[in-house]
Amino acid sequence: MRALVVDDSRTMRRILRSYVEKSGYTVDEAENGREALEVLEQVGAVELVLIDWNMPVMSGLELVQALRSNPAFNETRLMLVTSEADMARVVAALEAGANEYLMKPITLELLNDKLRIMGLPCA
């Protein structure tokens, strides 16, 4: 199983990477949506993309929209991982095609709960 962690915070990428690797995934990283698209072009489709909402260059919502507009990523599970708690944003992310939404701060247990909900393997 392969995952991509997209967050402009290097620290957050490391934390998420550690959690996702503990759940059995090979993990790639990107620091914004545009870089994420470049990584996916190189590695191909992945099973899971964890996406921060607020990033420079291309936001998390824009990345969700870009991925959902490409049939190659129809089966890819997309999870917004963010501190944005506004319900309108949650609805916008889900309507754009995100499968789940996880509020920061996160724990391995919370991440695994969301992976289970999406039908993905976890630790």
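Strand E1 (residues 2-6) runs parallel to E2 and is joined to E2 by five bridges; helices (H or I, at least four residues) and strands (E, at least two) are DSSP runs numbered from the N terminus, and two strands are taken as paired if DSSP finds at least two bridges between them. The model is a predicted one, in which local features need pLDDT of at least 70 and side-chain atom pairs count only at pLDDT 80 or more, whereas totals for chains, interfaces and linings use all residues. Residues are numbered from 1 along each chain as its sequence is written, and side-chain values use heavy atoms, with hydrogens and water left out.

On E3, the residue opposite Val 5 is Leu 50, and E1 and E3 are paired in the parallel sense over four bridges. Four bridges also link E3 to E4, again in the parallel sense, with Leu 78 of E4 as the bridge partner of Val 49. The five strands form an open sheet with parallel pairing, in the order E2-E1-E3-E4-E5. From one strand to the next, the twist averages 20°, where axes are lines fitted to C-alpha atoms, for helices over the stretch in contact, and angles run from 0 to 180 degrees between N-to-C directions.

Helix H1 (residues 10-22) packs on the sheet and touches E1, E2, strand E3 (48-51) and strand E4 (77-82), contact being defined by heavy atoms within 4.5 Å. The direction of H1 makes about 165° with that of E2. Helix H2 (residues 33-43) lies across E1 and E2 and runs at about 140° to E2.

In a regular strand the side chains alternate between the two faces of the sheet. In E3, Leu 48 and Leu 50 point one way and Val 49 and Ile 51 the other, and all are buried (under 20% relative accessible area, with exposed over 50% and partly exposed in between; 1.4 Å probe, protein chains only).

A right-handed β-α-β unit is made by E3, helix H3 (residues 60-68) and E4; the crossover is right-handed if, with the strands pointing away from the viewer, the path from the first strand over the helix to the second runs clockwise. The buried residues in H3 are Gly 60, Leu 61, Leu 63, Val 64 and Leu 67. These residues lie on the same side of H3 because they cover an arc of only 160° around the axis, as given by the directions from the helix axis to the C-beta atoms. The elements that cover the buried residues of H3 include E1, H2, E3, E4 and helix H4 (87-96).
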